[in-house]
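Welcome! Take a moment to look over the structure below, and then we will walk through it together.

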Amino acid sequence: MSDTIATASPSGGAPKVSKINEAVIRIAGNSQDGIQAIGGFLARLAGRSEQEVMTFMTIPATISGGPSIFQVRIGSGEVLSAGDEADVLLALYQHSYEDHIGSLKKGGIVLFDADHVEPKPEWQKDYHHVGIPLSTLAVEAIGGTAKDKGKNIYALGLIARMFDLNVPKLEKLISERFGGKDESIVKNALVAFHAGYAYNTGNLLETFKFTEGPGKGGHQVVMNGNEALGYGLIAAGVRFGAGYPITPWSDIMELLRRELPKYGGTFVQCEDEIASISMAVGASYAGRVAVTGSSGPGISLKSEALGWAVMAEVPLVIVDVQRGGPSTGLPTSVEQSDLNIARFGSHGDSPRVVLAPANVEDCFYTAIEAVNIARKYNVPVFILSDQAIATRIEAFPEPNLEKLCQDISPDLTTVPDFKPYDLTTPDGVVPRVVPGTRIASGKYPVATGLEHDEAGHPTAAPKMHQAMVAKRRRKLLALQATVPVPKVYGPPEGNVLLVGWGSTQGPIREAVDRARGAGDSISSLHIKHLNPLPNGLDNIFSGFHHVFVVEMNDEGLYGYGQLGGLLRARFCDPRIRGINKTDGLTWKVKEILAAVKMKLSSNGGAAKTV
Amino acid sequence: MSEAIAEIPARENASLAPPAPGAERKGLTKKEIAADHPTWCPGCGDFSVLALYFKLIEKRKIWHEKITTVAGIGCSSRFPYFVQAHGVHYIHGRALPFATGISLSRPDLHVFVFGGDGDAFSIGGNHFTHTSRKNVKLTYVVMDNWVYGLTKKQTSPTSPVGFKSKTDQWGAVDYPINPMKQAIAAGATFVARTTSTNPNHVLAMMEAAMDHDGFGFVECLSECVEFYEGAFDAANPRKGGVFKEVPKEHDVTDELAAYKLAGADFPGYFGIFYKNNKPTKNAKEAEIQRGMMEKVKGLKDWQILQKNFDKMK
């Protein structure tokens, strides 16, 4: 925030008011303090105020209690990541204070609950300490026993005062959030909010005011990646899904279970992951592309059925909300380590499509694209989301739902004859004829996992297997020809090209901006279509001296991660090297820049792996 | 249900001569229903089940396109290739969830699932339990031969103790599953047992299962002449055995009585052990849909979604 502050001179003894165009606020407490609610209010407010917003949260993998944080970055300009360092830290407990002071920038403000936090003298000179007995004041404000419930809203009031946030809009958000319940709940929440807002800021060192951003026009919607993905599937016409609970995928299945019946659809919670994919493939076979999903370990269980869908050429959308692995791994942390299973998992030669959304907005549109690719090419399509994108909240321009929503009901019109695996089509694609359709010739198809002839009857003839393998490959080649070449962010030629995929787009772009600001020759490229890869990547790579693939997965035995490996195999280009990390946290901009610097100075990695 | 199956599709291709209004399609002949010649060994009990499935389709005037035949993996699971109807040859053990996907999303179709004992009670055991308890509307016929035939004589979950197979050279040691008990305990709403050597009884059980509004499960003893010859002679009067029907006085709604009946020593009883008319999952989901759709009555799909988006502004 400090680089962008245009400071107004302090007037008399009143706190200084600084004009800012962005701020990073980190709220640290326990998982049951309702800090996600404060974060949610701030994010939604930013969305309604035509500001950009991005959030970052961590939740413990345990059921109840445990440290939790919520970080919000609000800006009048473009916000690409959740921010490396916080400008303000709100610490509710001693552990929140001690564990997160390091995330606060030097000179930043730490607001702490004086009822629970004993500030450390040695930190006083680096950070502005502001102690407020939050717990006591919240009880005073709303009385009774609801102290733990009201504390978060009281703190929201404080933050609203500190950043001169729009009070009527916040009041409306609070009323909307708590409305519909007991009226006294809304009343209490508003009382707590106003008590926080009215707290004497005399001892706060400064307050802030956001500069007006460029008006965007049109409405923004605010949601997290799981919501955007779930609603995207509904817009795409998906009306059946099946799944099994696993973090962080479960939100999507809960959303679909709640929403699909409104559209005459169903979501089934199954006995296991295998039943989930089987039921979804069954529903897809019956006519309308269906969805299943999971996270890491669950995807492994689905891989046999995935192979069947490839072989039988039945469309399907599989969502993988990646988390740290292998095995149970880090259930509530982020990692991009499922690209290999999405790309290669299952047995035999089983070509499938893999897409990765770059941000929350992209989750919505990727869901629609995935459904349409599945339908057109009769192939399973993976959507590789991840824990970070699933849980972070962003504001984005409201989609035109009237235009985007589509009906994908099957056509049951009688056909004269049907060869489900016709080998004569140039792109290998045969439009499906689904059950319920009368076939006038009286010859009916079998959808099968055995290698088959054009009619779907089993055959082990060597030439037929070869021809069918090629047919399944040809479909993806046809798709590849339609995949747009991604655009380079920054100049198309230079020293360093950072290549990323999935949720890392924001911090990578911010790293490029920052390094270019410092005079470095650096650009980035984000790949959304991971299989098939777009054509023309080699041309882009040839414009740079170094190609670093930035991923949240392990650098492996040879110095590059999972996308790095795919690109190396595809282009045999020794300039492709990896920038990887596996700490379960999203990339910080400074981490990316430090890694680039190290790679460039050592250069040893390249020599070893050439 | 039979009426729904026999319904003529609403939309007919203009290029084909549509049937005159009111004109009835003739019922299918066996020739029109039969597809590939079965790959089973001569003498296999599964031939009888297939022939009786054809007979059921003939008798009830079911059209090709109104049914879907689904199977997993195993000798008996080759079934869909031999039937002229939309068919699915899925993966081992998972035919039931696949069939559930069809059943729940296409109320206009009737789904028949055929499989063996390995599919139903070993690799697919979990799905058998949960499809039973969910009471999904479909018909499941398990051709139980007490042995893995396709992979050439390994012990199956229904092999009796002492059965000598390639994986139990000295005789099977694990206690077998009792399919009737398993189904009753799992909450199946139609549980019947038959044997391929009694064709009339097979047809009667399959038809009753089809007409049951819910999960209709039939265990059909079906001899593997190659790897377990004579397994079911004790149930075949022609081989000196006894075919004992479920006693007339048995109350099919009495779960405990059914369970007791299922415990009888081999060859046991044949007929309907248990039946109740609990609402199906299909009906319950449809009820949820009706309730939810009532709240958004008159709105187009995009307008329903718009309501959600309006709340997220």
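How many residues of chain A are in contact with how many residues of chain B? Keep that question in mind while we meet the two chains; the model you are looking at is a predicted one.

## The two chains

Let us begin with chain A, which contains 21 helices and 24 strands. Its radius of gyration is 26 Å, close to the 25 Å that the globule rule gives for 610 residues, so chain A is as compact as a globular protein of that length. Taken along the principal axes, the C-alpha atoms of chain A fill a box of roughly 90 × 60 × 45 Å.

Chain B has 11 helices and 10 strands. The C-alpha trace of chain B spans about 70 × 50 × 40 Å along its principal axes.

## Where the chains meet

Now for the opening question: 61 residues of chain A are in contact with 50 residues of chain B. On the side of chain A that touches chain B, the largest share, nine residues, comes from helix H9 (residues 273–285) of chain A. Sorted by class, that side of chain A has 36 nonpolar, 16 polar and nine charged residues.

There is also strand pairing between the chains. Strand E18 (residues 446–448) of chain A pairs with strand E2 (residues 86–89) of chain B in the parallel sense, over three bridges.

## Domains of chain A

The domain assignment divides chain A into domain 1 (2–210), domain 2 (222–404), domain 3 (412–482) and domain 4 (488–609). The centres of domain 2 and domain 3 of chain A, taken over C-alpha atoms, are separated by 25 Å. Their contact takes 15 residues from domain 2 of chain A and 13 residues from domain 3 of chain A.

Which helices supply at least two residues each of the side of domain 2 of chain A that touches domain 3 of chain A? They are helix H11 (303–312) and helix H13 (360–377) of chain A. The largest share of that side, four residues, comes from H11(A). By class, the residues of this side of domain 2 of chain A divide into 12 nonpolar, two polar and one charged.

## A seven-strand sheet

In chain A, seven strands form an open sheet with mixed pairing, in the order E12-E11-E13-E14-E16-E15-E22. Strand E12 (266–269) and strand E22 (529–531) of chain A stand at the edges with a single partner strand each, so one side of each is left without a neighbour in the sheet. From one strand to the next, the twist averages 20°.

Within this sheet, strand E13 (residues 291–294) and strand E14 (residues 316–322) of chain A run parallel and are joined by four bridges. Ser294(A) stands opposite Asp320(A) in E14(A). Helix H7 (residues 225–235) of chain A packs on the sheet, where it touches E13, E14 and strand E16 (380–386) of chain A. The direction of H7 makes about 155° with that of E16(A).

Strand E20 (residues 494–500) and strand E21 (residues 522–526) of chain A pair in the parallel sense over five bridges, and Val499(A) stands opposite Leu525(A) in E21(A).

The crossing of H17(A) and H20(A) is right-handed. In this contact, Pro507(A), Ile508(A), Glu510(A), Ala511(A), Arg514(A) and Ala515(A) in H17(A) meet Val589(A), Ile592(A) and Leu593(A) in H20(A). By class, the contact of H17(A) with H20(A) has seven nonpolar, no polar and two charged residues.

Notes
Residues numbered from 1 in each chain as written. Chains lettered and ligands numbered in written order. Predicted model: local features only at pLDDT ≥ 70, side-chain atom pairs only at ≥ 80, totals over all residues. Pairing = 2+ DSSP bridges. Axes fitted to C-alpha atoms, helices over the stretch in contact; angles between N-to-C directions. Contact = placed C-beta atoms within 7 Å. Domains from an automatic or database assignment. Nonpolar A, V, L, I, M, F, W, Y, C, P; charged D, E, K, R; others polar. Left-handed = near helix turned anticlockwise from the far one by under 90°. Rg over C-alpha atoms; globule rule 2.2 N^0.38 Å.
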